[in-house]
Amino acid sequence: MEEIICSFDEVELYLHQLIESSMGWFDKYFRKYDKDQRTSIILYFSVTLIFVLYVVFNREIGLINWAKNGLELRQQKKEIVRYDKEIGVMEKKINMLSTDKDTLEQFARENFLFASPGEDVYLISEED
């Protein structure tokens, strides 16, 4: 590892040049304003920045929380649509079972192993 040896004056000069070069854009746009106006502009900018950061990162009203809630809401709407379809299918089945005697008999035979008197019921299990 190579050691860099420099004096405090060199570091101070470098930092001063760095600050001056980074403040060039500030001077370019704000030189036309006097000192009080520049102070007001910096104050307004700082307050606005703090407000934006507060809105983005606040847990109760934050932008991140808003996005999470939006995703959850979309998922719940998809579930509602899916459940509405399932309810429609079940209502059709209930309607068929309550109005058609043949359908009711077929349902009872398949699901509850009902049989007419004198019929034999054979269970066939599928093995893998």
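Is threonine 103 buried or exposed? I started my notebook with that residue. The model I am reading is a predicted one.

**Entry 1: threonine 103**

I looked up the relative accessible area of threonine 103 and found 17%. The cut-off for buried is under 20%. Threonine 103 therefore counts as buried. I then placed the residue in the fold: threonine 103 sits in helix H5, which covers residues 101-112. Next I checked its contacts, skipping neighbours within four places in sequence. Threonine 103 touches Met96 and Leu97.

**Entry 2: the whole chain**

I stepped back to the chain. I found five helices and zero strands. Read from the N terminus, the order of elements is α-α-α-α-α. The chain has 128 residues, and 5% of them are buried. I noted the accessible surface too, at about 12,900 Å². Carbon and sulfur atoms account for 61% of that surface.

**Entry 3: where H4 meets H5**

Two packed helices are described by the angle between their axes and the distance between the axes. I looked up both values. Helix H4 spans residues 63-99, and its axis comes within 5 Å of the axis of H5. The two axes cross at roughly 110°. Angles from 65 to 115 degrees count as roughly perpendicular, so H4 and H5 are roughly perpendicular to each other.

**Entry 4: salt bridges**

Side chains of opposite charge can pair when their charged atoms come close. How many salt bridges are there? I counted two.

I took the one in H4 to begin with. Arginine 82 pairs with glutamate 86, and their closest N and O atoms are 3.7 Å apart. The limit for a salt bridge is 4 Å. Because these residues are four apart in helix H4, about one helical turn separates them. How accessible is each partner? Arginine 82 has 42% relative accessibility and is partly exposed. Glutamate 86 has 39% and is partly exposed as well.

Then I turned to H5. Arginine 109 and glutamate 105 meet through their side chains in a salt bridge, with 3.1 Å from N to O. They are four residues apart in helix H5, so about one helical turn lies between them. Arginine 109 is partly exposed at 28%. Glutamate 105 is partly exposed at 37%.

**Entry 5: a nonpolar patch**

Which residues make the nonpolar surface patch? I listed Phe45, Leu49, Leu53, Phe57 and Ile64. The patch comes to about 520 Å². Helix H3, residues 35-57, gives the most to the patch, with four residues. Phenylalanine 57 lies in helix H3. Its relative accessible area is 55%. Exposed means over 50%, so phenylalanine 57 is exposed.

**Closing note**

Key:
Residues numbered from 1 in each chain as written. Predicted model: local features only at pLDDT ≥ 70, side-chain atom pairs only at ≥ 80, totals over all residues. Heavy atoms only, no water. Helix = DSSP H or I, 4+ residues; strand = E, 2+ residues; numbered from the N terminus. Buried < 20%, exposed > 50% of the residue type's maximum accessible area, 1.4 Å probe, protein only. Contact = heavy atoms within 4.5 Å. Areas by Shrake-Rupley, 256 points an atom, 1.4 Å probe, with all protein chains shown as cover. Patch = residues over 30% accessible without salt bridge, like charges linked within 9 Å, V, L, I, M, F, W, Y side chains within 5 Å. Axes fitted to C-alpha atoms, helices over the stretch in contact; angles between N-to-C directions. Parallel < 35°, antiparallel > 145°, perpendicular 65-115°, else oblique.
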